[in-house]
Amino acid sequence: MIDAAIRNFTATAGQDQTEGIIKVAVLAVGGQGGGVLTDWIVDVAERNGYHAQSTSVPGVAQRTGATIYYVEMMPATEREPVFALMPAPGDVDVLVAAEIMEAGRAITRGFVTPDRTTLIASNHRMYAVSEKIVPGDGRADVDVVLRSAQQASRHFVCFPMDSIAVETRSHISACLLGGLAGSGALPFSKESFEETIRAAGRGVEASLRAFDRAYAAATGEAEATESAPPVSADPQEPVTGPRRMLVRWSALNARIADLPEPVRDIARRGVRKVVDYQDPDYGDDYLDAVERAALADSRAGGASHGFAYARTLAKYLANAMAYDDVIRVADLKVRSARFRRVRDHAGASDGNLLRITEFMHPGAAEICGLMPWRIGAAVEARPGLYRLVDRLVNRGRRIRTDSLLPFLSLYYVGGLRRWRRGTLRHRREKAHWESWIDRAQTALRLDYAFAVEILTCRRLVKGYSDTHARSLSKFDRVLDGADLVAGRPDAADWVRRLREAALADEKGEALDGALATIRSFIDDSVPGATN
Amino acid sequence: MAERSFVKEVQQLRIGAGEEFRGEGILAITKALLEAGVGYVGGYQGAPISHLMDVLADAQDILAELGVRYEANASEAAAAAMLAASVHYPIRGAVAFKSTVGTNVASDALANLASGGVTGGALVIVGEDYGEGSSIMQERSHAFAMKSQIWLLDPRPNLPSMVQAVHDGFELSEASNTPVMLEVRIRACHVHGRFTAKDNVPPPLSVRDALKNPQRKTDRIVLPPAAFKHEQEKVTERWPAAVKFIRERGLNEFFGPKSAKTGIVLQGGMYNTVIRALQRLGLANVHGDTAIPLYVLNVTYPLIDQEFLDFCRDKDAVLVVEEGQPAYIEQAFGAMLYKSGAVTKLIGKDVLPPAGEYTGAAMLDGISSFLKDFDPSLLQAKDRAPNKPTPDSYGEDLTKTVPVRPPGFCTGCPERPIFAAMKLVEQEMGPHQIAADIGCHLFSIMPPFEIGGTTMGFGLGPASNAAFDGGGERRPISILGDGGFWHNGLTSSIGNAVYNKSDGVVMIVDNYYSAATGGQDILSSRAENKSKSTQHSIESAVRGVGVKWVRQIDRTYDVTKVRDTLKDALTTDAEGPKVIIASSECMLNRQRRERPVRAKTMRDGGRVEVPKFGVDEDVCTGDHACMRLSGCPSLTMKKLDDPLRDDPVAAIDESCVGCGNCGEVADAAVLCPSFYRADTVHNPGRFESWAARQSARLIGWLQARRESRRLRFGDAA
């Protein structure tokens, strides 16, 4: 139908002629089923006697990336309407975002405006590569987006659609359709949406379940606007075990009760971690250090700082003492609770068998670390011998923990726990955390905030093998940088900046930059002034 | 077999006159080809017309019934060359490919075709990959039309107009003995709409029948002196014939009042965006009736001087809406006005963006600005001086918060481990000169891999490293996909490297399909294809052109092996190019193939293993080293509810397909022991179940024994 007839139209200056058109944009991540959702929306519209037109931008540019679909519709008339092929800023009635940062993207593109836009979004996150590759915490701030979404939209419908999809064994597209139907933004009945799902003919039952749940959430029939905050494991939850151990546990708790109040919660978690890692004696060692820190903290006026020094020490010392060695990994891998977690994760039911394959790659460093310290050190001092050990052990090992013999090997290694205190690795770790505490304690006499920052730098130490070595070197470089700024009024601030820089990228380029900045202003001042 | 199946949709291609056709733009175009009595069709896949190729492939039975030959050409050059059938024979032919990259490849054949001219209608359907979502350099097909003298149609982006353009295109081609290019933009290809169908028409002369009576005319062959004659003919005969046909048939359209102070000339493809701007200004209604005269160029080349000058007569100013640059149409109109002595003001890129896509916002701004200058009475005060809301005027600025989300490798992609291995080699041996190619593997240039410095064209990866063929301290590396290999790479890249005794390393990424364009089969595909010949190995082809050092890797997920093979290639004393062929099936296609089979076996009580990876969150320290070697969408993060832990740990979500990359990378890069693979065995055998029960009993006893001797904290027992 080529409509070439000249029809006169008298200008109606300023009167937007598209008010009868409903404009719907869908922002999704490639692979989320945005195309299916778009087809459904068109079908619902046509089912209700509307003209509808959809467009998309498919192709390789869409693979796992942000993508956009667009639908326009209006009640059918004899003549065809002329619809736009893409959304325009300030001119979108319904914006469906399949992930919360995509809602944020829609807002930055001007597709969400308070005068007209109903924003329907899933509040879950699909992290972008740029967020995931940060060695620290690179996650974008969701709260900012949620606040903006409230302000920028006329009506904001937001709930965890991905968990509904998982629970109903369906896809997020069905939840988005439910959200759209429940938002009331389109003048179509719930039944007509359901007919559309049925007509599509694939995975109908699951889609309908997901649609229904999402519809209820969007209309407020079901309370699902915010995913329930995860229940924090209570550090005081009942502890079970042999009686003599429980006696020791009560004694540890009694010691915690004597700590300043602000330190107790974190110390309780810390004790739990190190006792679980080793034994109750280890818990006593831990509390010895925490008590010393609390005492030093009190003397430094910690009460007015909420005992930040002792709290920070309690937190990071627990992590330092529960260092990741081969024994630790083996111990965790063979626990019964871990077997149950794996089963849940795999979604295996009772009739299914489950095979678990671990990916281990020990090297000579790990093996020497496991040896009694004199022997381990002696092997390390002999390059030929060390290389021989490495040749013997250094290869990828796939261990089937569900079958008896491989299980026994890990079970045995996990059982080496009681010899741990004599190992080379333990001796090194202990020396490392002791010198870290000494350093912080020295700093505490000088500058309270600075000392807390030095303690916090322990966060940098993580990972295994090469990653662990790199993290230790970053830790050392940050503490060297701390020495440079010690005594300055802004020393604490500088240490924080150095630490954040160290967590920003893998190679430590940001850290190098920050250290260069420090050196530049140190060099400008009188040589030796900081010593 | 392609990623998207049109088996259901193509049944609509059979409908007859008067019935309503509903569907996407590309499907409508296919139907129009059949209505127009096309004799042969072909092309090469690539967005946005990949699906057109998929539709044709799925419609092979219908095409065969009508006696239409369908060819999945090896490249756009091959597709354009196929139009040679219309040179001497009165047979209509159509080919489709992505523009402008495909048109670049095809331009040799297109130029030859256009020089000698055609007898049967020859239609080149080009999918413009321009603007949002585009995956290529931003250029215009218009230049190709002008340089070779191929007529260029740019119909309004609705199904009836696109269908009409196919019919008009064939007739125009035959009336002027000139090939015709039909340009469809990305959204028009996938616009959902409807039109009233006609009956399909079998070709009056089929290509099969044509072979009975071969024809040739020496004066149609491109060789001087005929070539000189062709050049004259183009301007003295074919051009005037085309102009006459376009005017008489009214291919370009006029809308709105006959006389007005201003008017707008636009490419057909821009029509909806222009109308939307006018609608929002109150200058057009929902049906497109407009208060401003519009001259819609459904044919953007050749331009019809007389039509344009008539349109300008009596108008103070005319706005040219021409997307992209250079502004060929605006320049041509300027020359026409100047030569005719007209005083009408010509406005174009003055008020519209000089480059880039003409979005709704750009069009509204441009047209408002044009009318403000030349007919402000049409605008209301608010449109004359609009108070533009900026995106951040509603709350905080989110541009720094919202992460970029460029495309990347899919979950379980077999190419990911190849680049993980390359990154490991770079970490060990230092950075190398690496040339990339076109295909999914080009995602390697993005984080987390950041591998590859240039991409020069399909199949040209190794060729683009030619300057470094002589070698040096570290060997140059180049990437080549299987699609690119068969498109052009075997000769231009591999043959070139052999002949020039290249010292470089070539990594051929073989995923069994032309995966980036939607999973079409190619020569080396492993699948049985009932109408095409597959299973021709890349290795034999590479050896056939003389490569001596070839390594075939049959499981790319073996990161250690890929890494070691690459190191070997970089250090061997062997002379000549070192070629590694890394083969594993595209995971999208594999899942699409295997999932239904697996589900059926499971239902029927057969034994099925379902793999899935997991992370022990107690073991993971949250340094994300694994993610810097992966980027897999299913390998994500989780913030633990533990005040002792600061950084989010790794977690694997529901979408995991158990490809194995996580475990292999953790092993090859010696990362950490956090990963595990859990294989769920559905419907296990009886002996297997019995053995598992015995193991489980003993293991359970050992676990209970140890756990009874220690303190147990809730779940962490």
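This is a predicted model: local features need pLDDT of at least 70, side-chain atom pairs count only at pLDDT 80 or more; totals for chains, interfaces and linings use all residues.
First, a word on confidence. The predictor gives the complex an ipTM of 0.95, along with a pTM of 0.95. For chain B, the mean pLDDT comes out at 95, with 98% of its residues at 70 or more.

Now for the place where the chains touch. On the chain B side, 126 residues are in contact with chain A, and on the chain A side the number is 141. The top contributor to the chain B side is helix H23 (residues 686–707), which supplies nine residues. Sorted by class, the chain B side holds 59 nonpolar residues, 39 polar ones and 28 charged ones.

Next comes strand E13 of chain B, which spans residues 317–321. Four of its five residues are buried, so E13(B) is largely enclosed by the rest of the structure. Strand E10(B) (residues 262–267) runs parallel to E13(B) and is joined to it by five bridges. Strand E14(B) (residues 345–347) is also parallel to E13(B), and here there are three bridges. To get from E13(B) to E14(B), the chain passes through helix H14(B) (residues 328–340), making a right-handed β-α-β crossover.

Terms used:
Residues are numbered from 1 along each chain as its sequence is written. Chains are lettered from A and ligands numbered from 1 in the order in which they are written. Two residues are in contact if their C-beta atoms, placed from the backbone, lie within 7 Å. Helices (H or I, at least four residues) and strands (E, at least two) are DSSP runs, numbered from the N terminus. Ala, Val, Leu, Ile, Met, Phe, Trp, Tyr, Cys and Pro count as nonpolar, Asp, Glu, Lys and Arg as charged, and the others, Gly among them, as polar. pLDDT is the predictor's confidence in each residue, from 0 to 100. A residue is buried if 20 or more other C-beta atoms lie within 10 Å of its own, exposed if 12 or fewer, and partly exposed in between; C-beta atoms are placed from the backbone. Two strands pair if DSSP finds at least two bridges between them. A crossover is right-handed if, with the strands pointing away from the viewer, the path from the first strand over the helix to the second runs clockwise.
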